[in-house]
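The structure is shown first for reference.

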Amino acid sequence: MKLSEVKAKLNSLDTIAFQLPNGDLVPNHFHVTEVGKISKHFIDCGGTVRKEEVANFQLWNANDYDHRLHPEKLVHIIELSEKVLELEDLEIEVEYQGDTIGKFGLDFNGTNFLLTTKQTDCLAKDNCGIPAEKQKVKLGDLQKAVSCNPNSGCC
């Protein structure tokens, strides 16, 4: 999700809830302790220099169980961050503390913001010897597709 999409969703909500990939909800007394821009300048294993930028939300829980972040307050925080940090309409990455700091993508299901799993990947598969995935075929289907008449001389 991009910043503009989050603000649009927030403007139609009365409360904010974040749901983890396992279905659990982030406790409703969470804080958004940071909104920022993360720039990553790197070289992949194939030697290509790359740059990525994302907007970052950091969610945090304290022992202030009566705390509730209201949608209009988060919109204000985002708009201030856009102005001060000169944030563009970037994709959002969310940090949340589990056993370690987890990084998540962000989606919305009509009620909750969904923290989505992220995966690592090789960006230069053609340069570092990773074989292309072969198409999986069921042997039963293969034998049906390749039929040979025993008297044709093809076997």
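This is a predicted model: local features need pLDDT of at least 70, side-chain atom pairs count only at pLDDT 80 or more; totals for chains, interfaces and linings use all residues.

1. Overall count. The model contains five salt bridges.

2. Arg 50 and Asp 44. These two residues form a salt bridge in which the closest N and O atoms are 2.7 Å apart. Asp 44 is buried, at 9% relative accessibility, while Arg 50 is partly exposed, with a relative accessible area of 27%.

3. Lys 118 and Glu 93. A salt bridge joins the two side chains, with an N to O distance of 2.7 Å. Lys 118 belongs to the loop between strand E6 (113–116) and helix H3 (139–145), and Glu 93 to strand E4 (residues 92–97), so the pair ties together parts that are 25 residues apart in sequence. Glu 93 is buried at 7% relative accessibility; Lys 118 is partly exposed at 41%.

4. Network. Glu 93 and Lys 118 also belong, with Lys 103, to a network of salt bridges.

5. Asp 121 and Lys 125. The closest N and O atoms of this salt bridge are 2.6 Å apart. Asp 121 is exposed, at 56% relative accessibility, and Lys 125 is partly exposed, with a relative accessible area of 37%.

6. Val 84. This residue lies in helix H2 (residues 71–85). Val 84 counts as exposed because its relative accessible area is 58%, above the 50% cut-off. Its C-alpha atom is separated by 10.0 Å from that of Gly 36, a residue 48 positions away along the chain.

Key: Residues are numbered from 1 along each chain as its sequence is written. Side-chain values use heavy atoms; hydrogens and water are left out. Helices (H or I, at least four residues) and strands (E, at least two) are DSSP runs, numbered from the N terminus. Buried means under 20% relative accessible area, exposed over 50%, partly exposed in between (1.4 Å probe, protein chains only). A salt bridge is a side-chain nitrogen of Lys or Arg within 4 Å of a carboxyl oxygen of Asp or Glu.
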